[in-house]
Amino acid sequence: MSLFELMASLLTITAGFAWINHRLIGLPENIGLLLMGLGASLILIAIELLFPATTIYRSVSAMIGQIDFYEAVMHGMLAFLLFAGALHVDLDRLRWRAPAIGVLATVGVLISMAIVATGLWGAGQVLSLPLAFSWCLVFGALIAPTDPVAVLTTLKMVDVPQSLETDMSGEALFNDGVGVVLFTIAVQLAAGGGDMGLIEGLDLLVVEAGGGALLGVATGYVAFVAMQTIDDYPIEVMISLALVTGTYAVADRLGMSGPISVVVAGLLIGNHGAAHAMSDTTKRYVFGFWTLIDEILNAVLFLFIGLEVLVLNFDPDFGWIALIAVPLVLAARAVAVAAPVAVLDRWQPFARGAVPVLIWGGVRGGISVALALSLPDSPARPLILAATYAVVLFTVVVQGLTVARVARRMAGRPPAGQHHG
């Protein structure tokens with residue numbers, strides 16, 4: 001199947017499922033698409049088991065198997081989705097909540113990674129599984145950060161105070177950069193690719209995260225100046241596209257964090273660019289264009305997560321991993337949120353009910369699946385894939401559908417002691 005035919009097939013399936021969900025099912029669009037993709041995958045698997053002579057399962061599996069999920073997400077969709085999300089984030093509110101966001105996106109990720117890795121290793125010891133602690137750290141690193149795409153999608157369905165919304169979106173936009181660095185270090189250690197000490201790890205974090213942020217400021221400023229000198233919305237939309245693709249490509253080439261670089265560039269264009277470099281007409285077209293890009297790519301991504309079941313080849317013997325991974329990740333998230341909030345609340349107050357909403361709103365998504373799929377072949381890989389997929393499905397579907405209810409309940413709960421808004 002050619003690339004054009006592959007894209008046409010995916011977009012046709014996405015559009016058809018989106019229409020069915022909108023007309024007949026009524027779930028939030030991305031959750032509905034994920035569930036419909038998963039349901040279609042399970043039906044095809046059942047057909048293959050009951051009627052081995054049919055070829056539909058093999059045909060669809062071959063089509064999905066042509067797509068490198070890691071490349072499609074990490075070096076394709078992610079740059080556009082992060083820029084589109086950052087474009088709508090208020091920079092002043094982000095600065096105001098910077099201490100909380102910074103701690104949640106760094107210390108919180110480290111705490112969650114450590115708890116998940118230790119818990120999974122302990123479970124492996126009890127069940128006599130050949131699961132080295134280094135591979136448990138790999139799983140902890142890829143599942144600890146909240147997914148920016150999934151979290152920003154969830155926030156569209158939730159009514160929370162501005163400070164809490166900023167905390168959730170800011171943490172999600174920046175913690176994946178930290179998570180990817182930790183994942184890189186953990187994979188090197190687990191695969192025996194050489195020892196990496198604390199200094200080397202910190203150096204990698206500074207280069208990737210700090211360098212990515214500086215690159216985003218530089219390229220964002222160039223785009224800002226270019227937009228400021230003209231008033232022509234087709235060209236300015238084209239400049240924004242060039243900004244996203246060029247920034248992410250350069251970051252990748254220089255060993256910097258592409259996600260952080262496009263987030264910073266998006267914040268600059270969405271705030272200073274919108275205020276000082278765009279006319280009202282241009283602003284309407286630029287923001288409208290990126291809103292459409294966000295909606296379309298989100299739909300394709302969530303459908304694709306559901307369809308990935310066709311090519312992951314899960315071992316039924318690993319079904320138990322879901323029973324361990326989901327509560328373990330939730331418990332780790334609870335500690336990773338509650339501990340920093342308890343300390344920070346002395347200096348930077350949090351909204352009432354912030355801890356439960358931050359815990360339950362900590363959705364994982366396509367980035368975690370993509371990182372798991374990028375792992376080299378090893379005995380631990382099937383276990384990590386099964387655990388990752390279980391957590392992603394649970395957080396997107398169960399937590400995504402109920403986080404609004406949790407937020408309403410927490411907002412209506414009377415304060416226990418002194419609470420800050």
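In the predicted model, the chain exposes about 18400 Å² of surface, and carbon and sulfur atoms supply 67% of that area. Of the 421 residues in the chain, 51% are buried, where buried denotes a relative accessible area under 20%.

The secondary structure of the chain comprises 18 helices and zero strands. The radius of gyration of the chain is 21 Å, close to the 22 Å that the globule rule gives for 421 residues, and the chain is therefore as compact as a globular protein of that length. Along its principal axes, the C-alpha trace of the chain extends over about 65 × 55 × 50 Å. When contacts in the chain with a separation of 6 or more are considered, 83% of them are accounted for by residues 24 or more positions apart.

At least two residues of the lining are supplied by each of the helices α1 (3–25), α4 (69–87) and α13 (280–307), with α1 providing the largest share, which amounts to five residues.

Notes: Residues are numbered from 1 along each chain as its sequence is written. This is a predicted model: local features need pLDDT of at least 70, side-chain atom pairs count only at pLDDT 80 or more; totals for chains, interfaces and linings use all residues. Side-chain values use heavy atoms; hydrogens and water are left out. Helices (H or I, at least four residues) and strands (E, at least two) are DSSP runs, numbered from the N terminus. The radius of gyration is taken over C-alpha atoms; the globule rule is 2.2 Å times the number of residues to the power 0.38. Buried means under 20% relative accessible area, exposed over 50%, partly exposed in between (1.4 Å probe, protein chains only). Contact means heavy atoms within 4.5 Å. Accessible areas come from the Shrake-Rupley method with a 1.4 Å probe; for residues, only the protein chains shown count as cover.
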